[in-house]
Amino acid sequence: MASASLAIPGKTPQSFDPACFDHDLDCKEDMKVALSDFEEKTLSKETYINVISVSKNDSDKLDIESSFKDEKQTLDHLRHQNNTNSLEIYGIACVLPSQQKVRDNDDEFRRLKISIPVFRDLMFIRQIPRVFFVALAQPEQVCGTGFRRLSSDVWDYWCMLPVRFRIDCRDANIHAASRAGKNQMDPVYYIHLSGVESDIRGSHVGIFVRGDSRTGNITFVVVSLLDQRFWLVAQEPLKQITGSLTQKTPKYLEKSPCFVLLIYLASALRWWNSVLLCFNKQLIKHEEILQKEIADEKSNFLNTSKGLSLPLHIMAAHLHRYKTELQRTEFILSDLLTHRPDMMTSNGPSGGDDALGSSISLSIDREREKLEQLASKLKVISSFSNEIERKLQNILALLFNQIQAINDKALQDILSAAQRDAQISQEISKQSHLLTISMKRDSIAMKTAMFAMPFFSQTKYLTASSQVWIWVMLTVISTIIAFIGFNYVIKRGEGSVDPELDYDLTEKQNETRSSQLLP
């Protein structure tokens, strides 16, 4: 097969032959950069791969070998391929089982445990499409799936399976300090559910499978991007595969090329179910808090609403991504159902042995039943996610309506207070006018008193009996002058009083007299 080589600076030339690269669909320059970044940022300096090899023996059983191989052992295994193996599975993850202590700041602990030489040999010898590793290098970007028929007998298929799983929260205080904890609004990161003391983490599992219909040999490459803290989660499907293989026969294996994918899909759906149940419990907690605050009518509801609004919107953002990822899982199941006839072996027995033919037919039907069962379960999980979405929308609507009601009530209180202030101001204005009128009248009385003050003086000449005539004359003259002045001031004061204010005063006096006359 003709191939073209393209060198990457500082690295071994990478082959872009048609078996690994589609010149119509793939961009060579973008792929070079993506693969270079993948090798530099994602691959480790050491290799520790879980290799499961299954071969046929003379009896109706399978010989199963499962072991972890280092770089030298993996390279020897790849370069000295044993064609007698019916099934090979390469499980690649981010951490060694012996690494008990989690070191978050150590970049090496976040890398896939496969070295660059092993990665390149695996890619070239197994003819894995470059686009599969590009998808692994850019997990935050969405991608489709790929099925190819390389010849009349050889086919391959790859997919990126999105997974979400629930774990117990180790320490809620560490979330505020971590980068992911500060960016929980982005569904790429995890979400902390305080009400159920759990974290929901997300990742991807890349699965590549190649089958040969003529020989019946199948090769799987499984790359789990779960980081070192979730080693047990990453190894769970591989352990289940090993246990399942002990119950399989060579004939069943020939007619069941999808069973590894089935196990990963079953695990992913089980994790999804747990995630959505936990998600639903958290929503119920938030709704209980909201309903209690509404029933209590507490004055600090706005502070409570701030504490509820942010986590509810974070949950809404994550739930939208969950629905997208569930749709991607549905596409994978649909692909398997569509392409499954092309994955079947072409050298199966025909005629003659009815019992054997019946057994194979049952295995074929059984695998289709499993796929349909998983599709049914996925449909129910998707329906449950729709229910949770509607519940979340109802809670957000209830929260918004309550905030709106509180704001309306506060606005009404402000308007009522403004009206009361206006009435009080009007009353104060009236009282001020009345006070002004009263002060003017008091001024007239004071002036009159000033004129009368000399008559009340205790001077000596006014107390002597011989001076009575002086007192009489002064009294008569002063009284006349006082009356004239008093009449003049009264008339002048009445002429300067505002008729409207005088009317208000008269009305006020009439009201006072009426109240006194009433029993």
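Where does H6 bend by about 25°? The views below take up this question and a few others, using a predicted model.

**View 1. Helix H6 and its bend.** Helix H6 bends by about 25° at Pro237. The helix runs through residues 231-245, and its 15 residues should span 21 Å at 1.5 Å a residue; the end C-alpha atoms are 22 Å apart, which agrees. Pro237 is also buried, and so are other residues of H6, including Trp231, Leu238, Ile241 and Leu245.

**View 2. Strand E3 beside strand E4.** Let's look at residues 49-56, which form strand E3. Seven of these eight residues are buried, so the strand is largely enclosed by the rest of the structure. E3 pairs with strand E4 (residues 62-69) in the antiparallel sense, over eight bridges. To find your place, look for Asn50, which stands opposite Phe68 in E4.

View 3. An α-helix has 3.6 residues a turn, so residues three or four places apart point the same way. Lys72 is exposed, with a relative accessible area of 60%, while Asp76 is partly exposed at 35%.

View 4. The whole structure holds 13 salt bridges. One of them joins Asp199 and Arg201, at 3.7 Å from N to O. Asp199 is buried, at 2% relative accessibility, and Arg201 is buried too, at 12%. Another salt bridge links Arg166 with Asp168, whose closest N and O atoms are 2.8 Å apart. Arg166 is partly exposed at 31%, whereas Asp168 is exposed at 52%.

View 5. Trp471, Val472, Val476, Ile480 and Ile484 make a nonpolar surface patch of about 470 Å². Trp471 sits in helix H12 (residues 468-496) and is partly exposed, with a relative accessible area of 41%.

**View 6. Glu330 and Ser382.** How many residues apart in sequence are Glu330 and Ser382? They are 52 residues apart along the chain, and their C-alpha atoms are 9.4 Å apart in space. Glu330 belongs to helix H9 (residues 301-343) and is partly exposed, at 42%.

Key: Residues numbered from 1 in each chain as written. Predicted model: local features only at pLDDT ≥ 70, side-chain atom pairs only at ≥ 80, totals over all residues. Heavy atoms only, no water. Buried < 20%, exposed > 50% of the residue type's maximum accessible area, 1.4 Å probe, protein only. Helix = DSSP H or I, 4+ residues; strand = E, 2+ residues; numbered from the N terminus. Pairing = 2+ DSSP bridges. Patch = residues over 30% accessible without salt bridge, like charges linked within 9 Å, V, L, I, M, F, W, Y side chains within 5 Å. Areas by Shrake-Rupley, 256 points an atom, 1.4 Å probe, with all protein chains shown as cover. Salt bridge = Lys/Arg side-chain N within 4 Å of Asp/Glu carboxyl O. Expected span 1.5 Å × (residues − 1). Bend = angle between axes of the 7 residues up to and from the residue.
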